[in-house]
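Colleague: I should like to learn how to read the features of a structural model. May we take them one at a time?

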Amino acid sequence: MSFIKQVTNKPWERKGIIGPLRPEGAFPTVPPEKVALGFFLMVVGVIFSLFTVSYFIRMELPDWTPLLEPTQLWFNTGLLVISSVMFQWCRNILKRGETRNLKTSLVGGGVFAMAFIAAQLIVWRGLQARGITVASNPADSFFYLLTGLHGVHMLGGLWVWSKASIKLLSGAEPRDIKLSVELCTIYWHALLLVWLFIFGILANT
Amino acid sequence: MAYVPLADQEQELHHPHSWITKYVFSQDHKIIAIQYGSTAIFVGVIALVLSLLMRMQLGFPETFTLIDPSAYYQSVTMHGMIMVVYLLTALFLGGFGNYLIPLMCGARDMVFPFLNMLSYWVYLLSVIILLLSFFVPGGPTGAGWTLYPPQTSMAGTPGHDWGIVLMLLSLVVFIVAFTMGGLNYVTTVLQSRCRGLTMMRLPLTVWGIFVATVLGLFAFPALLVAGIMMTFDTLLGTSFFMPAVIETGQPLDYSGGSPILFQHLFWFFGHPEVYIVALPAFGLVSDVISTHARKNIFGYRMMVWAIIAIGGLSFIVWAHHMYVSGMNPYFGFFFATTTLIIAVPTALKVYNWVLTLWEGDIRMNVPMFFAIGFIFTFIHGGLTGLFLGNVVIDLPLSDTYFVVAHFHMVMGVSPVLVLYAAIYHWYPKMTGRMYNETMAKWHFWCTFLGTYAIYLPMHYLGFLGVPRRYYALGSTDFIPASAQDLNASITIAALFVGASQLLFFINIIMSLKNGEKAGSNPWGSASLEWQTPDTPPVHGNWGDKLPSVYRWAYDYSVPGAHEDFIPQNTPEEVEPTVDEQHFDPDHDESKADT
């Protein structure tokens, strides 16, 4: 039932059970974990949007010196794309009910994500070696802040991934990790989008 | 394979095996609710004591050596922050949200009980961090609850070193806790309602808590963003908000940050926060009024729409807190307009409460006293909000006691009266006992009349131009000496109201043991939480079988029914109402009796 149709119901008129003989759910075919993840991703979206707005407002002030982003970030982006693709691969395997390449794709997805975080840290070290620190200029501060916050979100995802991986490697049935993999895949794609967005605004300003 | 909805496959519950897992690290939403509620009330009492310290200084300046200017500003800050965030938000959502959502939705528990437990413990951690700031060198921050830079980090402000860092850290931890709880509340409401319980059959309490939680999920990130950037400014020397500034003759290391940016972020959280507190209060009070007036809530659909509309509008009014910060006049015009527009759905709700009372079979039980008291204080606080929403009126009044009176009436006293109404209303369900009615009525009259004795004169002080935030007035030409007498009387009233809260605590604690047995549904309420097989409800709430819902939550005084209420889980065929063949939904009910 659409939202508009729902909220225009007159509950005082209709008595009895409405709808089919099952409990009510706004999204009856979706597990609650997925609904919660949807809301969480919206929260993450709001957080990064507000940082973006702050970034553009702060940029207008006279002490702003644009930062020339290291080209290594393109390589890092590639790592994250591969990570995301591997999660999608893993999800497809599970969806088809197969087991071939399941471990490779799941473990690979996480490993590439860790490689991305390590590569981001290398970028940080390189910048610091050039004297570009978190407090040297507001543009630099935003660079560290946004990349750092994105990294923290990646770590959160890796925690869920590590639980699913350990479960699979210690002999659990593929169906036991199906939901975790599905959630991880959605989360990874979302974080890839967030990264592309952040990279876009950092590189173009 | 299609996904089987949660309640159909019977949620697997965590069964506690020891006292510790049953009452301390519990995953039962009711225990978590009581933990949230008790912690929130505990910090609330600390905030109350801080407000009394402030009032003693204002009413009788130079009498108490204990309260120096630093202690005064620290009290102001901690009082504001604790009351708004750690008491009201936590008690309405963590307390009542946790207790009532699964019960009113006919669920066994929240959808993620472990996350729910974690939410409480992280909340407790945030409270501990906040309270730690009383014991660090320099004490808690005295920057005012809005924490405006640059003064938060400047040497003249108490707690500019440790205090502010602990405050920011505590807020970030609180937001993590809230997000964990909030995801639980929205998902439970959306996905875990029992059979037959459509969204439009939900009690308004659930609607209020649901929309407030969505607001919280989208508004708290603004505080998180501001908090993180301010922490960076304070600890790492960045200049997100800190402008180039000179402190005691020495330029600090900050370049040209934007304090106004902080204000925008803060109030982008801060205004929805008002409704994060108000919407659950609106919901709870609607259910209390309807139950004790033995009448269905007037205009249920409008009430739901108003909750949604207020929630949406609350995101586009934030800059009305910043008129005095300076802004483009068109900007001010826009925010004044949206502010006045939000009064429309809010007023609609007030009319509907009054119309629910109209010709109701009103039972003057204790919760009803508090609910009607709320209508009074909310109308008064709301009307002064209409004054302050206009730029030209706000500018001269903004820094006076008029504003203090306004926001305490609308956001302090009103939600607190609803909290009392709700606690007295649901106490019999939570404990299985009745409280002492006489003592509760005394508590109401002392609180209700006492708060008027505090806040009505404050409006007048505001018109006189008495500035807020001042530690002492000193000798100011335009303020008559009699203003000080008024200040003294306000302080006496505040001390009286503060002391009278003891009646509440004594009552609810003593009644736990000595109160009369309440029975399962002492108010004759139609909503689902009163229909549990056990009182207080046990772990799992519903015994062997989940309930089914056949009607909305407001079938009171239905013509032809045996009793003056029909519980939500009463099947259609049991209801001996008007003859089906002659049933006409547009028929005037008042004539049905004759």
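Colleague: In which loop is B:Pro536 found?

Modeller: The model is a predicted one. B:Pro536 sits in the loop of chain B between α14 and α15 (589-592).

Colleague: What kind of peptide bond joins B:Thr535 and B:Pro536?

Modeller: The general idea comes before the case. Most peptide bonds are trans, and most residues other than glycine have a negative phi. The bond joining B:Thr535 and B:Pro536 is cis, with omega about -10°. The peptide bond from B:Pro149 to B:Pro150 is cis as well, with omega near 5°. B:Pro150 belongs to the loop between α4 (113-132) and α5 of chain B.

Colleague: Which value does phi of B:Leu147 lie near, and where is B:Leu147 found?

Modeller: Phi of B:Leu147 is near 55°, a positive value in a residue other than glycine. B:Leu147 is found in the loop between α4 and α5 of chain B. B:Glu62 also has a positive phi, of about 65°, although it is not a glycine. B:Glu62 is in the loop between α2 and α3 (69-104) of chain B.

Colleague: Is B:Leu147 buried or exposed, and is B:Glu62 buried or exposed?

Modeller: One counts the C-beta atoms around each residue; 20 or more others within 10 Å make a residue buried, and 12 or fewer make it exposed. B:Leu147 is buried, because 23 other C-beta atoms lie within 10 Å. B:Glu62 has 7 other C-beta atoms within 10 Å and is therefore exposed.

Colleague: Where does A:Thr147 lie, and is A:Thr147 buried or exposed?

Modeller: A:Thr147 lies in helix α5 (residues 138-169) of chain A. With 23 other C-beta atoms within 10 Å, A:Thr147 is buried. Separation in sequence and separation in space may also be read together. A:Thr147 and A:Ile117 are 30 residues apart in sequence, and their C-alpha atoms are 9.6 Å apart in space.

Colleague: At what angle do the axes of α5(A) and α6(A) cross?

Modeller: The axes of α5(A) and helix α6 (residues 178-203) of chain A come within 10 Å and cross at roughly 170°. An angle over 145 degrees counts as roughly antiparallel, so α5(A) and α6(A) are roughly antiparallel to each other. Residues of α5(A) in the contact include A:Phe143, A:Leu146, A:Met154 and A:Trp161, and those of α6(A) include A:Leu183, A:Tyr187, A:Trp188 and A:Trp195. By class, the contact of α5(A) with α6(A) has 16 nonpolar, four polar and one charged residues.

Colleague: What span should the 26 residues of α6(A) have, and which elements cover its buried residues?

Modeller: At 1.5 Å a residue, α6(A) should span 38 Å, and its end C-alpha atoms are 37 Å apart, which agrees. Among the buried residues of α6(A) are A:Cys184, A:Thr185, A:Ala190, A:Val194 and A:Ile198. Their cover includes α2 (32-59), α3 (72-95), α4 (102-129) and α5 of chain A.

Colleague: How far does α14(B) reach, and which of its residues are buried?

Modeller: Helix α14 (residues 482-514) of chain B has 33 residues and reaches 48 Å from its first C-alpha to its last, close to the 48 Å expected. Its buried residues include B:Asn487, B:Ile490, B:Val497, B:Phe504 and B:Ser511. The elements covering the buried residues of α14(B) include α2 (29-59), α12 (401-431) and α13 (437-464) of chain B.

Colleague: At what angle do α7(B) and α9(B) pack?

Modeller: Helix α7 (residues 259-293) and helix α9 (residues 329-357) of chain B pack at about 15°, with their axes 9 Å apart. Angles under 35 degrees count as roughly parallel, so α7(B) and α9(B) are roughly parallel to each other. Their crossing is left-handed. In the contact, residues of α7(B) including B:Phe282, B:Val285 and B:Ile289 meet residues of α9(B), among them B:Lys349 and B:Trp353. This contact of α7(B) with α9(B) has six nonpolar, three polar and one charged residues.

Colleague: How many residues does the contact take from chain B and from chain A?

Modeller: The contact takes 53 residues from chain B and 43 residues from chain A. On the side of chain B that touches chain A, α5 (162-191), β1 (193-195), α6 (204-236), α7 and α8 (300-313) each supply at least two residues. The largest share, nine residues, comes from α6(B). By class, that side of chain B has 32 nonpolar, 14 polar and seven charged residues.

Terms used:
Residues numbered from 1 in each chain as written. Chains lettered and ligands numbered in written order. Predicted model: local features only at pLDDT ≥ 70, side-chain atom pairs only at ≥ 80, totals over all residues. Axes fitted to C-alpha atoms, helices over the stretch in contact; angles between N-to-C directions. Helix = DSSP H or I, 4+ residues; strand = E, 2+ residues; numbered from the N terminus. Parallel < 35°, antiparallel > 145°, perpendicular 65-115°, else oblique. Left-handed = near helix turned anticlockwise from the far one by under 90°. Contact = placed C-beta atoms within 7 Å. Nonpolar A, V, L, I, M, F, W, Y, C, P; charged D, E, K, R; others polar. Expected span 1.5 Å × (residues − 1).
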